[in-house]
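Here is a short report on a protein model. It covers sheet, domains and helix packing.

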Amino acid sequence: MNKVYLTVDLGGTRIRAARCQPDGTIEARTEQFTRGEDGPDAVIERIAESLREVWPTQSTVLSIGVVAPGPLDPYTGLVFVAPNIPGFVNVPLRDRLQAIFKVPVVIGNDANLAGLAEWRYGAARGHDDVVFLTISTGIGGGVVVNRHLLLGSEGLAAELGHITVDCNGVVCQCGNIGCIESIASGTGLVRQVVERLTAGEQSQITDLVAGDFDAINVEVLAQAADQGDVLANDVFDRSFRAFGLAIVTYLHIFNPTIVVIGGGVSNLGERLFKPIRDAVERYPMSPRYACPIVPAQLSGDVGLLGALALALDPPPQRSL
Ligand SMILES: [Zn+2]
């Protein structure tokens, strides 16, 4: 009998589910709105409904992999908090789904599993040691060490956005000081620009948003930078140089053979990748750390494929 895995991508807006072969082939898929405002029980029922829709009639389900946003414990299957889903706090998601479907369920965090997916199915295929970064409103990470996802003792490892690169920097939303996320993420870039505009610096950005600083986003900054705007270019250059230096630190710690970068800000292309490559060429303690720095390859299905990769190689499970 054919054996398949089911996967779920739980997001703040949408729940996706799929039936997958181990090679990443998606045999069936479904999608519906999360409607988190209805509360955790309704969301879990929608996840179950989605799984029933892709449940095979001819095959055996070996296990179910679930990717969820926010901090969670991949060993106990407890979701500490799912951002954008009100009340989804300390939910034993693994156990709730196992009770319904009577097959093993394993859960993982979205940035970690995006890294795992890029390793197994995307830009880092064939590599044993991978550092993955996703840079959008925040900066998340996933690390593969010797072909296994790095989770740490509590499953909280690979928070690559939260290393201090400026001891005199702002307090990050995580509570730490001067994290790379508070500088190089979309939110960090915009914050720096707004601070400098508010302090009276002149820039074409002010005209581009007709004086409405709330309308400034990374696309506006890119547009200004393309027009030669000094402020936009300076914020990009300094921030992405800092990001490059953070990546030098990851090379020193993890010694990967490839670094993969995804997320909305990575659409800036060379504006982001060039300062990173410059730093990575210049600052490591030995040229032997050199490795390719490449864009992510997987897009919309990265969550489903990450959940599949986790189901194929689940971390040891502990009871709650
Ligand atoms: Zn932080």
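Isoleucine 15 stands opposite glutamine 32 in E3. This is a predicted model: local features need pLDDT of at least 70, side-chain atom pairs count only at pLDDT 80 or more, and totals for chains, interfaces and linings use all residues. Residue numbers start from 1 along each chain, as its sequence is written.

**Sheet**

Strand E2 (residues 14-20) and E3 run antiparallel, joined by seven bridges. Helices (H or I, at least four residues) and strands (E, at least two) are DSSP runs, numbered from the N terminus. Two strands pair if DSSP finds at least two bridges between them. The open sheet has five strands, in the order E3-E2-E1-E4-E8, with mixed pairing. Strand E3 (26-33) and strand E8 (105-109) are the edges; each has a single partner strand, so one side of each lacks a neighbour in the sheet. From one strand to the next, the twist averages 15 degrees. Helix H3 (residues 110-121) packs on the sheet and touches strand E4 (60-68) and E8. The direction of H3 makes about 100 degrees with that of E8. Axes are lines fitted to C-alpha atoms, for helices over the stretch in contact; angles run from 0 to 180 degrees between N-to-C directions.

**Domains**

An automatic or database domain assignment supplies the bounds. The protein is divided into domain 1 and domain 2. Their centres, taken over C-alpha atoms, are 29 Å apart. Residues are in contact if their C-beta atoms, placed from the backbone, lie within 7 Å.

Ala, Val, Leu, Ile, Met, Phe, Trp, Tyr, Cys and Pro count as nonpolar, Asp, Glu, Lys and Arg as charged, and the others, Gly among them, as polar.

**Helix pair**

Helix H8 (residues 230-254) packs with helix H9 (residues 270-282) at an angle of about 50 degrees. Their axes are 8 Å apart. H8 and H9 are therefore oblique to each other. Angles under 35 degrees count as roughly parallel, over 145 as roughly antiparallel, 65 to 115 as roughly perpendicular and the rest as oblique. Residues of H8 in the contact include Phe236, Phe240 and Leu251. Those of H9 include Leu272, Pro275 and Val280. By class, the contact of H8 with H9 has twelve nonpolar, one polar and four charged residues.

Definitions and conventions
Contact = placed C-beta atoms within 7 Å.
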